[in-house]
Amino acid sequence: MPDTPTPTADAACAACERLGRRDPPPRDRIAVSGGWSVAHAFNANLEGWLVLLPQRHVESLDELRPDEAAALGPLLVGLTAALRATTGCQKTYVLLLAESEGFHHVHLHVVPRGSDLGAEHLGPRIFGLLGNPDLDVVAPERRDELALAVRAHLVDAGVVTTSA
């Protein structure tokens with residue numbers, strides 16, 4: 001199946017709008033594989049906070065096609081390895097909520113958890129590092145740099161066959 005957005009996009013969906021952009025910067029399309037697209041979170045206060053999105057509008061995991069479901073596991077494993085290699089994180093968190101206004105499109109947060117992460121951000125409190133107005137958002141240039149490093153790791157590991 002092609003790795004391009006399908007006509008099932010939702011006009012009111014922020015994720016569908018992001019996926020439909022032509023010539024996105026590296027941070028907005030790190031990799032595309034198996035019906036999924038990987039991006040760096042735009043409002044992250046933590047370097048390497050990735051978002052894995054189905055390329056078509058899906059609001060629940062049980063709406064995934066078999067090929068999309070089969071691609072999910074290998075992508076999560078590959079992204080975890082890429083984040084460990086590029087950020088030096090100890091582990092990753094993978095979270096799925098898809099509840100915020102305009103963000104009902106399924107998207108999995110793949111978040112690097114470094115050994116130096118404070119107790120105030122462990123576990124679900126990691127969301128204190130997403131859109132926190134008291135902290136700096138990761139600069140677009142740094143998100144692009146991380147995106148290219150993650151992309152290279154995914155390609156080298158054979159997780160994706162082409163860059164984005």
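Guide: Strand 4 and strand 5 pair in the antiparallel sense, over 6 bridges. Strands here are DSSP runs of E, at least two residues, numbered from the N terminus, and two of them pair if DSSP finds at least two bridges between them. This is a predicted model, where local features need pLDDT of at least 70, side-chain atom pairs count only at pLDDT 80 or more, and totals for chains, interfaces and linings use all residues. Residues are numbered from 1 along each chain as its sequence is written, and side-chain values use heavy atoms, with hydrogens and water left out.

Visitor: Which residue stands opposite Val110 in strand 5?

Guide: Val94 does. Val110 is also the bridge partner of Leu50.

Visitor: And how many bridges link strand 3 and strand 5?

Guide: Strand 3 (residues 50-54) and strand 5 (residues 108-113) have 3, again antiparallel. Leu52 faces Leu108 there.

Visitor: What's the strand order in the open sheet?

Guide: 1-2-3-5-4, with antiparallel pairing. Strand 1 and strand 4 (91-96) are at the edges with a single partner strand each, so one side of each has no neighbour in the sheet.

Visitor: New topic: is Ser33 buried or exposed?

Guide: Ser33 counts as buried because its relative accessibility is 17%. Ser33 sits in strand 1 (residues 31-33).

Methods: Helices (H or I, at least four residues) and strands (E, at least two) are DSSP runs, numbered from the N terminus. Buried means under 20% relative accessible area, exposed over 50%, partly exposed in between (1.4 Å probe, protein chains only).
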